Amino acid sequence: MVYDKSDCHATSWSHPRCTLSLYLTVCVLSAATAATHAETRLIPDAPSRCEACAEWNKPQTPFRIFGNTYYVGTAQLSAILIRTKDGLILIDGALPQSAPLIDANIRALGFDTAEVKLIVTSHTHFDHVGGVAALQRATGAMVAASPSSAQALREGRPAQDDPQFASPDNRFPRVVDVTVIADGEALTMGDVAITPHFTPGHTPGGTTWTWRSCEQQRCLNIVYADSLNAVSAEGFLFTTRSGRSPLVDAFRRSIHTIETLPCDILLSPHSGFFGMADKLRRRAEGQSDAFVDATACRRYAAAASARLDQRIAREREMHKRGEAGETTRTRP
Ligand SMILES: [Zn+2]
């Protein structure tokens, strides 16, 4: 895409905090991209190494989910593309080694990766934001995140109060330029508004995203629900011995948020969390609405609530026995 000054004016950011400086940032980034667009190539960062990384990062043929919303991630790590009149929005960047696959998937759908102007994220773990730095370098896109996630992105590691902060090998490439957003304040690009709902628990800065997508006269509510798994590094507890558990309270509020959002299509950071493979199979068999399920968010929240209850019960037992910590297998 060729950027010029008119592109800046066409980018109508109606975020209430869209100050002149934010507006200008978009213009400056666009101008910088214009200068180098002809040579723009995605240069990936060093790959993350983990037991499941190769499996997670297997290629996935990109596809349209509904209306303006497309899946451009890998087989197991989501990356969602939203087409707007004024450019593309990307949610999540998966692993560092996923960035070239995401770039290729965007192009395979007929879009230009250079048209990605906004990148947002679910939560700041290496398997969901590892590719963001390279994708921002390649596109000049604005990266926007909750205050805690913005700090983590800049530091290239989970927030210090993240339950998995102490897990080994959890760093990811630092994202230099991050704009902080507010809970519930929509970001508008062209004809699309995406709304962040802060859903802390799995991470302190975790964010669920919602938007509406239309095919002709039919418009559906899409929810990109963040991970809601109460897992941690060894020794971290969600509860306290006294029984007061602000982390658990916040977690329950997040679960309630996702439970009550208008939701016709559920997406989430791991494709297995929303049954993508099964839905694709059903769609191929002729069930054109396989991704539409008005109960999906409620069931996603109920499963998370049950897992949180199990975790709390285990911690209560540990408090009773006077154990200081436990070994928990890290789950994304
Ligand atoms: Zn995670």
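**Group meeting: a pair of helices and a buried helix**

Of the 332 residues of this chain, 47% count as buried, a residue being buried if 20 or more other C-beta atoms, placed from the backbone, lie within 10 Å of its own. Please note that this is a predicted model, in which local features need pLDDT of at least 70, side-chain atom pairs count only at pLDDT 80 or more, and totals for chains, interfaces and linings use all residues. Residues are numbered from 1 along each chain as its sequence is written.

The chain has 10 helices and 12 strands; these are DSSP runs numbered from the N terminus, helices being H or I of at least four residues and strands E of at least two.

I turn to one pair of helices. The axes of helix 8 (residues 246-260) and helix 10 (residues 296-321) come within 8 Å and cross at roughly 165°. Helix 8 is therefore roughly antiparallel to helix 10, the term for angles over 145 degrees. On helix 8, V248, F251, I255, I258 and E259 meet residues of helix 10, among them C297, R298, Y300 and A301; such contacts require C-beta atoms, placed from the backbone, within 7 Å.

Next, helix 4. Which residues are buried in helix 4 (residues 99-108)? They are A99, L101, I102, D103, N105 and I106. The cover over these buried residues includes strand 3 (80-84) and helix 6 (132-139). Just after helix 4, G110 takes a positive phi of about 95°.

Finally, the chain as a whole: among contacts with a separation of 6 or more, 70% join residues 24 or more positions apart.

How values were computed. A residue is buried if 20 or more other C-beta atoms lie within 10 Å of its own, exposed if 12 or fewer, and partly exposed in between; C-beta atoms are placed from the backbone. Two residues are in contact if their C-beta atoms, placed from the backbone, lie within 7 Å. Axes are lines fitted to C-alpha atoms, for helices over the stretch in contact, and angles run from 0 to 180 degrees between N-to-C directions. Angles under 35 degrees count as roughly parallel, over 145 as roughly antiparallel, 65 to 115 as roughly perpendicular and the rest as oblique.
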